[in-house]
Amino acid sequence: MKLRFLLPVVALLSAVVVTPAAAAEADPVQAADACYTWNRTLSEGASGEDVRQLQIRVAGYPGYGAVLGIDGQFGPATKAAVTRFQQAYGLGADGIAGSATFTKIYALQDNDCTPINFTYDELNNCNSTWAGGNVSAATARANALVSMWKLQAMRHAMGDRPIDVNGGFRSVSCNNAVGGAAGSRHLYGDAVDLGAGPQGFCALAKQARNHGFNEILGPGYTGHNDHVHVAHKSSRFWSAPSCGI
Ligand SMILES: [Zn+2]
């Protein structure tokens with residue numbers, strides 16, 4: 001978010017020698033971000049940690065029923081996800097991540113790398129730490145971050161209205177205490193339970209199909225008449241019979 005403070009200076013300096021429009025086209029991005037700063041334009045064929053960081057941010061744009069791999073390899077699926085992200089925010093949609101794309105990402109993220117409308121705390125209301133699940137605390141937290149970026153994409157697609165988060169990660173003891181299923185994705189950190197919010201359960205369950213959630217459970221599925229559960233899973237399992245899913 002530091003970028004906001006730099007923009008007036010950049011605009012002032014660039015006005016002397018070039019037009020503001022030309023300045024906006026400049027690559028690569030020069031501005032820093034407290035979370036992560038990309039230092040080069042990324043396009044198909046690129047690989048590395050900067051690609052992996054980009055994939056986390058566009059994980060909510062894989063297309064219907066798809067899940068974007070977070071592997072640091074910029075392939076066709078990453079290009080398609082970047083294109084959808086660009087389209088969602090009215091940017092030039094070429095599937096190449098340059099200054100305009102990174103500037104939008106900087107504006108959408110907090111200094112802890114979470115998207116501006118979601119927090120680690122609200123995805124962890126059952127534990128004080130991220131330990132004690134089926135994966136390491138670091139992995140659980142990283143999985144939660146990806147789910148938050150998926151939710152940010154879903155929130156934007158549904159008109160930028162707040163999405164009601166009831167919880168996420170659970171340790172084994174916490175999962176047992178709340179009667180969670182053995183092997184629940186909550187033990188891995190990527191599951192999120194959603195309240196009805198202004199959207200309603202069925203609208204949330206249906207929309208989630210477009211944003212990289214391989215597991216969607218909602219009304220009509222055992223134990224899910226009062227929330228919608230979205231998560232990552234190795235194979236697709238969607239069930240919300242009362243919503244026609
Ligand atoms: Zn759940």
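**Strands, zinc and rings in a predicted model**

User: What joins strand 3 (residues 215-217) to strand 4 (residues 228-231)?

Analyst: 3 bridges do, and the two strands run antiparallel. DSSP must find at least two bridges for strands to pair, so strand 3 and strand 4 count as a pair. The strands themselves are DSSP runs (E, at least two residues; helices are H or I, at least four), numbered from the N terminus.

User: What kind of model and numbering is this?

Analyst: This is a predicted model, where local features need pLDDT of at least 70, side-chain atom pairs count only at pLDDT 80 or more, and totals for chains, interfaces and linings use all residues. Residues are numbered from 1 along each chain as its sequence is written, and side-chain values use heavy atoms, leaving out hydrogens and water.

User: What makes strand 1 (165-167) and strand 5 (237-239) edge strands?

Analyst: The open sheet has 5 strands in the order 1-2-4-3-5, with mixed pairing. Strand 1 and strand 5 each pair on one side only. Neighbouring strands are turned by 25° against each other on average, direction ignored. Axes are lines fitted to C-alpha atoms, for helices over the stretch in contact; angles run from 0 to 180 degrees between N-to-C directions.

User: Which strands does helix 8 (residues 201-208) lie across?

Analyst: Helix 8 lies across strand 2 (192-194), strand 3 and strand 4. The angle to strand 4 is about 15°. Contact here means heavy atoms within 4.5 Å.

User: How do you know which residues coordinate the zinc ion?

Analyst: A donor is an N, O or S atom within 2.8 Å of the metal (3.2 Å for Na, K and Ca). His186 (NE2), Asp193 (OD) and His229 (ND1) sit at 2.0 to 2.1 Å, so they pass. Water is not among the atoms, so sites may look incomplete. The spacing of the donor residues is H-x6-D-x35-H. Asp193 lies in strand 2 and His229 in strand 4, so this pair ties together parts 36 residues apart in sequence.

User: Why does Asp193 count as buried?

Analyst: Buried means under 20% relative accessible area, exposed over 50%, partly exposed in between (1.4 Å probe, protein chains only). Asp193 is at 10%, so it counts as buried. His229, at 4%, is buried too.

User: Why is the pair of Trp130 and Phe169 called tilted?

Analyst: Rings of Phe, Tyr and Trp (its six-membered ring) pair if their centres lie within 6.5 Å; planes under 30 degrees apart are stacked, over 60 edge-to-face, the rest tilted. The structure holds 9 such aromatic pairs. Trp130 and Phe169 have centres 5.5 Å apart and planes at 35°, so the pair is tilted. The two residues lie 39 apart in the chain, and both are buried.

User: Why is the pair of Tyr221 and Phe237 called edge-to-face?

Analyst: Their planes stand at 75° and their centres 5.8 Å apart, so the pair is edge-to-face. Tyr221 is in the loop between strand 3 and strand 4, Phe237 in strand 5. Tyr221 is partly exposed at 27%, and Phe237 is partly exposed at 33%.

User: How do you know that Arg141 lies over the face of Tyr120?

Analyst: The rule wants NZ of Lys or CZ of Arg within 6 Å of the ring centre and within 35 degrees of the ring normal. Arg141 is listed at 3.8 Å from the centre of Tyr120. Arg236 sits over Trp238, 4.1 Å from its ring centre.
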